[in-house]
Amino acid sequence: RLDYGNLKPRVDGLIGELLSGFRERYGYDPGGDGLETAHLEKNLSLLLSVSGDDLPEAIKRFFDTFAKLALPDVWNGYFIGPPSWIVSVYQAAEPRAVEDPNGVREVIAVGSDGGGGLFVSLRSRDSPIYLLPPSRIRGGNYLPLQGVPLENLKVANTFDGFLEEIISRLEETVRG
């Protein structure tokens with residue numbers, strides 16, 4: 001279980017290191033990296049309005065504490081939230097479920113990468129995080145390319161593990 005109380009100072013410190021001399025190293029300005037604290041109680045309630053109680057506890061804890069995580073300058077980019085984005089993707093059914101050889105399973109997008117992929121969680125209290133690369137969406141159902149099973153798209157066993165992986169990528173980028 002990730003300690004969200006220490007997450008912001010840890011991430012802020014790493015982002016500070018990343019941004020120090022960024023323009024000189026890369027030749028362009030950074031893209032707005034940051035971990036934004038939730039300012040309004042409605043962030044989590046907005047998310048729960050579409051997901052009900054069907055989300056892993058770690059996702060609920062994250063959005064109760066933070067509004068979003070944006071790391072456009074780490075690898076291809078990582079973006080988690082904000083809840084208003086999650087709700088808009090869900091309401092537009094882009095996607096709302098994944099259809100693979102094992103059936104149709106309801107999902108909710110929790111973030112994206114810089115290449116058009118979506119990070120999703122199953123609508124269940126205990127779900128891994130999956131990366132859905134760009135593909136077709138038909139009737140709100142994501143159709144994996146070449147019928148790849150959803151399990152093959154898993155990037156982390158838990159949301160906390162997913163966050164730890166992102167922070168590891170941030171550390172790698174900072175350390176060069």
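**Helix packing and local backbone features**

Reader: What is the relative accessible area of V11, and is V11 buried or exposed?

Author: V11 is found in helix α1. Helices (H or I, at least four residues) and strands (E, at least two) are DSSP runs, numbered from the N terminus. Buried means under 20% relative accessible area, exposed over 50%, and partly exposed in between (1.4 Å probe, protein chains only). V11 is therefore buried, at 3%.

Reader: What kind of model is this?

Author: Residues are numbered from 1 along each chain as its sequence is written, and side-chain values use heavy atoms, leaving out hydrogens and water. Local features need pLDDT of at least 70, side-chain atom pairs count only at pLDDT 80 or more, and totals for chains, interfaces and linings use all residues, in what is a predicted model.

Reader: Which residues does V11 touch?

Author: Contact means heavy atoms within 4.5 Å. Residues up to four places away in sequence are not counted. The partners of V11 are then L35, L69, I167 and L170.

Reader: How are α1 and α6 oriented to each other?

Author: Helix α1 spans residues 4–19 and helix α6 residues 159–175, with their axes 9 Å apart and an angle of about 25 degrees. Axes are lines fitted to C-alpha atoms, for helices over the stretch in contact, and angles run from 0 to 180 degrees between N-to-C directions. Angles under 35 degrees count as roughly parallel, over 145 as roughly antiparallel, 65 to 115 as roughly perpendicular and the rest as oblique. So α1 and α6 are roughly parallel.

Reader: Which residues of α1 and α6 make the contact?

Author: α1 passes α6 in a left-handed crossing. From α1 come Y4, L7, R10, V11, L14, I15, E17 and L18. From α6 come F159, D160, L163, E164, I167, L170, E171, T173, V174 and R175.

Reader: How does the contact of α1 with α6 divide by class?

Author: Ala, Val, Leu, Ile, Met, Phe, Trp, Tyr, Cys and Pro count as nonpolar, Asp, Glu, Lys and Arg as charged, and the others, Gly among them, as polar. By that scheme the contact of α1 with α6 has 11 nonpolar, 1 polar and 6 charged residues.

Reader: Why do the buried residues of α5 lie on the same side?

Author: Helix α5 runs over residues 83–91, and its buried residues are P83, I86, V87, V89 and Y90. The arc is that of the directions from the helix axis to the C-beta atoms. These residues are on the same side of α5 because their arc around the axis is only 165 degrees.

Reader: What covers the buried residues of α5?

Author: The cover includes helices and strands. Among them are α3 (42–51), α4 (57–65), β2 (66–71) and β5 (103–113).

Reader: Which residues of α5 meet α3?

Author: The two helices pack at about 15 degrees, with axes 9 Å apart. That makes α3 roughly parallel to α5. α3 supplies N43, L46, L47 and V50. The α5 residues are P83, S84, I86, V87, Y90 and Q91.

Reader: At what angle do the axes of α3 and α4 cross?

Author: These axes come within 7 Å. The contact uses N43, L44, L47 and L48 of α3 and I59, K60, F63 and D64 of α4. The crossing is at roughly 145 degrees.

Reader: What does S112 contact?

Author: S112 lies in strand β5. S112 is buried, with a relative accessible area of 17%. Leaving aside neighbours within four places in sequence, its contacts are G77, Y78, F79, W85, G117, L118 and F119.

Reader: What is omega for the peptide bond that joins E94 and P95?

Author: P95 is found in the loop between α5 and β4 (97–100). The bond from E94 is cis. Its omega is about -5 degrees.

Reader: What is omega for the bond from G81 to P82?

Author: P82 sits in the loop between β3 (78–80) and α5. This bond is cis, with omega near 0 degrees.

Reader: What is phi of A93?

Author: A93 lies in the loop between α5 and β4. A93 is buried, with a relative accessible area of 19%. Its phi is positive, in a residue other than glycine, and near 55 degrees.

Reader: Is Q146 buried or exposed, and at what relative accessible area?

Author: Q146 is in the loop between β9 (141–143) and β10 (154–156). Phi of Q146 is near 55 degrees, a positive value in a residue other than glycine. Q146 is exposed, with a relative accessible area of 83%.

Note on methods. A crossing is left-handed if the near helix is turned anticlockwise from the far one by less than a right angle, and right-handed if clockwise.
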